[in-house]
Structures are given as structure tokens and as C-alpha cells.
Amino acid sequence: MIVFLIRRSVQSLIVLLVMSFVIYGLIGLMPGDPVDLMISADPDITSQDAARLRTLYGLDQPLWSRYVHWFGSALSGDFGYSRLYAQPVWDAIIPALSNTLILLISSLALALAIALPAGVFAATRPYSLSDYGINLAAFAGISMPPFWLGILLILLFSVVLGWLPAGGTAAASGSEGFWNHVKFLILPIASLTIAGIGGHTRYMRASMIETLRQDYIRTARAKGLSEPRVVLRHALRNAMIPVVTVIALDLGVLFSGALITETVFAYPGMGKLIYDAIMGNDYNLALVTLLLATALTLIGNLLADVAYAALDPRISYTKDAG
Amino acid sequence: MNGTFTPALPAKTGTRWVLRRFAQHRLALVSAAIIICLAASAVAAPLIEAALGIDADAVDLFNRYGPPSAAHPLGTDELGRDVLIRLLYGGQVSLFVGLTATIAGALIGTCIGLMSGYIGGRTDAVIMRITDGVIALPVLPLLIVLAAIDLNKLGLPEGIVGSENASLYRIVAIVALVGWTTVARLVRATTLALKARPFVEAARAQGAGPIRIMARHILPNLASPIIVATTLAVGNVILLESVLSFLGLGIQPPIPSWGNLLTGAQETIWQAPGLAFYPGMLIFVTVVAFNFVGDGLQDALDPRARNRQSERV
């Protein structure tokens with residue numbers, strides 16, 4: 001298990017390293033370069049000045065040597081300066097990251113609190129009217145364009161009812177301020193929650209149906225245990241194994257969802273930061289935020305593997321696992 | 001509760017039998033009809049435009065955010081253009097991108113999966129590690145970067161970069177670039193199973209080369225799973241295109257797509273809520289319909305998979 005963990009971690013690190021180079025290269029392919037931006041900001045710059053600046057910033061060097069230089073300073077903790085926010089990259093990222101974590105954790109918890117019981121409920125009554133209804137709702141949920149869901153929520157709660165703000169955020173200070181802050185969170189969280197329920201419900205239902213067919217469930221029933229006890233004590237724990245794995249694997253998907261939701265609601269989180277950085281040609285910020293997103297996704301995958309191994313003792317990782 | 005008894009299915013695979021089984025899945029049948037209607041009216045957009053006597057590109061600044069009327073059945077947008085016709089033209093683009101990008105991804109995936117499964121060994125291991133790597137990436141942020149790169153810096157010919165359809169080709173290419181993994185894994189797994197079967201051995205004994213075996217003996221047996229996976233993927237691709245276009249990185253105006261018709265909908269939502277509603281509704285209906293058709297095809301083409309695996313509706 002320990003060997004497996006170490007090997008998977010090393011693998012993830014290699015993927016991250018390769019991705020850092022790929023992303024570095026891709027960002028170099030975005031329109032313009034920092035000197036172009038200076039030229040557009042200052043019409044007095046001559047072409048000699050521009051060439052001198054390019055040499056000064058190393059932009060005349062090949063991609064590979066620029067990357068090595070960036071990687072060297074990144075290792076020593078220097079990720080550069082954000083052009084858009086006029087502060088070191090990390091100072092722009094930290095508050096955005098905490099905003100996104102609030103959004104992700106609360107919507108994931110809410111989605112699971114609704115989806116898991118719904119999935120179990122449907123699985124214990126296969127082909128009933130309620131099963132059919134739950135399935136149809138789940139299908140609708142996964143087919144809904146996530147940004148349109150946000151727009152519909154704004155339409156209903158901000159335009160028609162006028163209960164909640166359409167976007168942005170407010171500082172939390174004092175008792176009045178806290179409610180003010182929460183008000184801005186409700187619609188983004190609701191939007192991300194609804195987007196996540198469908199998939200989780202379907203996984204839970206499928207896994208539970210599969211588990212209820214096992215021999216040990218028949219044994220439990222034959223012993224004369226009550227149906228709720230069979231489902232909740234015997235089946236649920238085993239049915240949860242694939243579901244937990246999928247939840248961890250979905251961290252990347254969740255991050256994409258946050259990007260869309262944050263853009264729709266102008267919520268100052270990581271997703272919006274990535275979007276603004278790319279749209280605003282903020283190379284340093286785009287690079288670091290994209291790498292952070294990749295790292296978070298890889299950690300999710302790693303967690304999924306670990307959870308799978310930890311929850312199911314039948315799985316052995318001694319040979320050829322990966 | 002669930003008996004293990006399943007009636008033995010006769011080994012019929014003919015087209016008529018598949019169609020009959022598909023017809024039993026009523027939701028799938030209705031969905032197929034909806035998709036055909038949507039596609040037909042999108043293709044017929046120029047005819048409808050002429051019949052209603054509207055010019056899709058006619059800007060009328062005195063008639064912005066017009067309510068539904070006889071001349072404009074769904075009202076007008078922020079430039080006074082007819083919303084219905086713009087939706088139909090947007091449908092052309094969204095359906096075209098959805099279908100071509102999915103098929104392109106499925107083609108790439110089939111080739112990679114076939115190679116990986118048939119050749120096996122080290123090649124297989126390397127290809128599958130790469131596939132795992134691509135699956136593990138955060139798709140949306142990467143797509144945004146890919147959509148933002150400057151094609152001139154890639155040294156592509158001016159004919160492609162400069163054409164007004166550049167954003168169309170670009171989105172098909174980048175969606176196909178990340179969308180091949182599901183089909184590749186599926187094809188690889190099925191190829192691995194098929195290559196051990198006697199009929200492949202018989203073909204090899206007769207002296208058939210690897211290319212011939214893959215094309216004539218393995219590929220036909222892969223058709224059903226590939227068709228099902230591809231149909232189920234179309235919905236996702238349409239969603240992806242709409243997200244990118246909504247963010248301003250996919251299809252570029254003035255070409256309309258269902259996604260970019262929603263760009264800025266939050267700002268105009270106060271004057272014209274309809275503008276924020278119709279395009280999303282069309283995306284939603286189309287994606288649901290493709291998902292149901294995929295489900296119905298799965299039932300019809302591979303009924304045993306259904307009994308074996310989970311029992312979804």
C-alpha cells in the first residue's frame with residue numbers, strides 16, 4: 001500500500017511536471033507578449049527599445065531555456081507578478097482560493113446530502129413511479145447547461161422575485177454584514193449544487209442496485225433482518241465504495257463547474273481568476289492558476305485511488321496497478 | 001426482489017430487429033423525432049427567413065428588445081434582429097459543431113484504441129498512460145487556453161487563420177483533441193477481448209495481415225459500442241461548445257451559436273428575459289434528446305449489457 005502510494009504520487013508529480021511545460025508553451029502561444037503590451041501602453045517606445053526590452057526579459061531566448069529559468073525561480077517560491085492585480089501572483093490567488101473552497105465544499109456537501117438518499121431510495125424501488133421520476137430529474141440535471149442554470153436562477157430570484165443579488169460579493173463584517181455576505185453566496189451555491197445532484201444520484205442508484213443483487217444480501221434477508229437494516233447496514237457500506245471513488249474523481253469536474261458558475265455570478269474565486277487572467281493576457285497569473293487547477297485535479301485522482309484501496313480490502317495493489 | 005431469471009434472447013442482430021427494439025423505448029423515439037425536427041428547421045433557416053420576409057442580419061436600432069409580434073414571432077435582440085431566425089442559424093452551428101467534433105473524436109479514439117488493443121505490450125502501456133493523463137486534466141481551463149492561443153504563432157496558413165469560419169474549425173479541433181479518450185478506452189477493451197476469439201485466429205491462419213484483421217474482422221464488431229458511446233457524447237460536446245461560446249472563446253459573433261447567444265444575457269436579462277431563456281432551452285432539449293437516443297440505442301444494440309450492468313431507465 002505504501003509502495004503503491006509512493007508510486008502513484010511520483011506518477012502524478014511527473015504528469016504535473018509535463019503539464020507545467022505544456023501549459024508554459026501554450027501560454028506563450030497566446031496573442032501578444034509582455035513587450036507588445038508595454039508598446040500599446042506607451043506610444044513613445046521605439047523599435048530599438050522594444051528589442052532591448054525583449055532581450056532584457058529573455059523573450060528572444062528559445063522556449064526551453066525560458067521554461068527552465070521560470071521553473072528555477074518557481075522552485076525558490078518566486079512565481080512572478082500579476083499584471084492585472086498589480087501584486088505578487090500568490091497574493092491574488094489566496095483570497096480567490098478560499099472563496100472557491102467555500103463554494104465547492106458547501107455545494108458538494110449539499111449535493112451529496114440530496115443525491116445519496118435519492119439514489120438509495122430509487123434503487124430500493126426499481127421501476128416504480130418514484131424511481132422513474134428520480135431518474136428523469138437526474139437526466140434533466142446532467143443535461144442542463146450549467147451557465148444557463150445560473151442565468152435562470154438570476155431570472156427567477158433576482159429579476160422576478162427580487163430576493164437575492166444577481167452577482168458579486170460583499171465583505172463580511174458585523175452581524176448585518178454576515179447575512180449580506182451569505183446573500184451573495186446562495187445563488188452560486190444553489191447553481192453548483194443542482195448541477196452536481198444528477199450525476200451523483202445516478203451513480204448511487206446504479207451502485208446500490210448492483211449491491212442488492214449480491215449473495216450476502218440474500219443471506220441477510222434470509223436471516224430475517226428488516227429491509228431498512230439490510231439496506232442501510234449491509235448494502236450501503238459496500239455500495240458507497242464506487243461512489244466515493246467517483247466523488248474524488250469528480251474534483252476536476254467540480255472545478256470546471258466552479259469556473260462557469262463564478263463567471264456567471266461574477267463571484268471572485270479561482271475560476272474567475274483563471275478566466276480573467278487568460279482573457280487579460282496576465283501570463284504569470286494564468287500559468288500558476290492553471291497549474292494549481294491541474295494539481296488539484298491530480299490530487300483528486302490520487303485520493304480516489306487511495307479511497308478505493310482503503311475501503312475495499314479485496315483490492316490488492318501489490319502487482320501492476322496504476 | 002430482482003430475480004436472476006432473464007429470458008434467453010434470440011441471437012438476432014438484423015437492422016429491423018434493432019429498429020424494433022429501439023421503437024420500444026418511447027422516450028428515445030420521441031427524442032429522435034425532436035432532434036430531426038430541430039435539425040430540419042435549422043437547415044431550413046434560409047427558407048423560413050424568406051417565408052417570413054425577415055433578413056437575419058438586418059439591424060433595426062429603433063426596434064431593440066422588441067416583444068413578440070407578427071413580424072418577429074419571438075421578438076428582437078439588442079440590435080433589433082429577429083430572435084427566431086438567429087436561433088435557427090445558431091442551431092445550424094451548434095448541431096454542426098456537436099456532430100462533427102464528436103465524430104472526429106470518435107475517429108481518433110477508434111484508431112488509438114484499435115492500435116493499443118491489437119498491438120498490445122509496451123505500445124499499449126504507453127498509450128494507456130497517455131490516455132489516463134489526458135483524462136486526469138482539468139478540461140475546461142485547458143480548453144479555454146487552447147481557445148485563446150494565437151493561431152498565427154502556430155504558423156498555420158493564412159487561409160485557415162483568416163477565414164471567418166476559423167472559430168468553427170478551431171472549436172471542432174480542440175473538442176476532438178480532448179474528447180477521444182472514452183472511445184479509445186472502450187475500443188481497446190473490446191479489441192483485447194475480440195483478438196483472442198477463434199474467428200480472428202482463423203483469419204490470421206489464412207494469412208491476413210494486421211491491417212486487414214483490424215479493418216475487416218475487428219472493426220465491424222466494434223460498431224455497436226462505438227455508435228452508443230458517440231451518441232451519448234454528442235450531448236456533452238454540445239454542452240462544451242455552448243460553455244466556451246458563452247465565455248466568448250468558442251464560436252465568434254457575428255456567427256450565432258446557441259452558446260454565444262447567451263453571452264451577456266445576465267446584463268440584458270432585465271430588459272429582455274426571453275433572450276436569456278430560448279437559447280438555453282434549445283441546448284437543454286437537444287442534450288436531453290441525444291442522451292435519451294443514446295440510451296435507447298444501447299438498449300437496442302446491446303441488450304445484454306443492460307441486463308448485466310445497472311438498470312437505468
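**Exercise 1. Salt bridges within one helix**

Lys272(A) and Asp276(A) both belong to helix 12 (residues 270-279) of chain A, where they stand 4 residues apart, about one turn of the helix. For this predicted model, determine how the side chains of Lys272(A) and Asp276(A) meet, and then examine the pair Arg218(A) and Asp215(A) in helix 9 (residues 215-222) of chain A.

*Solution.* Step one is the general principle: side chains of opposite charge can pair when their charged atoms come close. Step two applies the cut-off, which asks for a side-chain nitrogen of Lys or Arg within 4 Å of a carboxyl oxygen of Asp or Glu; Lys272(A) and Asp276(A) form a salt bridge with an N to O distance of 3.0 Å. Step three turns to Arg218(A) and Asp215(A), whose side chains also form a salt bridge, at 3.0 Å from N to O. These two residues are 3 residues apart in helix 9 (residues 215-222) of chain A, about one turn of the helix, and both are exposed. Over all chains, the count comes to 8 salt bridges.

**Exercise 2. The surroundings of two residues**

Leaving aside neighbours within four places in sequence, with which residues are Ala147(B) and Val159(A) in contact?

*Solution.* First place Ala147(B), which lies in helix 6 (residues 139-148) of chain B and counts as buried because its relative accessibility is 9%. With those neighbours left aside, Ala147(B) is in contact with Arg170(B), Ile174(B) and Leu249(B); of these, Leu249(B) is 102 residues away in sequence, yet the C-alpha to C-alpha distance is 5.8 Å. Then consider Val159(A), found in helix 7 (residues 146-160) of chain A and counted as partly exposed at 24% relative accessibility. With the same exclusion, the contacts of Val159(A) are Ile154(A), Ile269(B) and Trp270(B).

**Exercise 3. Surface, cysteines and confidence**

Describe the nonpolar patch that includes Val18(A), state how many disulfides a search finds, and report where confidence in chain A is lowest and highest.

*Solution.* The patch on the surface is formed by Ile2(A), Ile6(A), Val10(A), Ile14(A), Val18(A) and Val22(A), which together have about 540 Å² of accessible area. Val18(A) is placed in helix 1 (residues 2-28) of chain A and, at 48% relative accessibility, is partly exposed. As for the cysteines, a search of the whole structure finds 0 disulfides over all chains; Cys37(B) is exposed at 54% relative accessible area, and Cys111(B) is exposed at 51%. Finally, chain A has a mean pLDDT of 82, with 93% of its residues reaching 70 or more. Within chain A, confidence is lowest in helix 2 (residues 34-41), at a mean of 72, and highest in helix 5 (residues 89-123), at 90.

Technical notes
Residues are numbered from 1 along each chain as its sequence is written. Chains are lettered from A and ligands numbered from 1 in the order in which they are written. This is a predicted model: local features need pLDDT of at least 70, side-chain atom pairs count only at pLDDT 80 or more; totals for chains, interfaces and linings use all residues. Side-chain values use heavy atoms; hydrogens and water are left out. A disulfide is a pair of cysteine sulfur atoms within 2.5 Å. Buried means under 20% relative accessible area, exposed over 50%, partly exposed in between (1.4 Å probe, protein chains only). Patches are made of residues with over 30% relative accessible area and no salt bridge: like charges are joined within 9 Å, nonpolar side chains (Val, Leu, Ile, Met, Phe, Trp, Tyr) within 5 Å. Accessible areas come from the Shrake-Rupley method with a 1.4 Å probe; for residues, only the protein chains shown count as cover. pLDDT is the predictor's confidence in each residue, from 0 to 100. Contact means heavy atoms within 4.5 Å.
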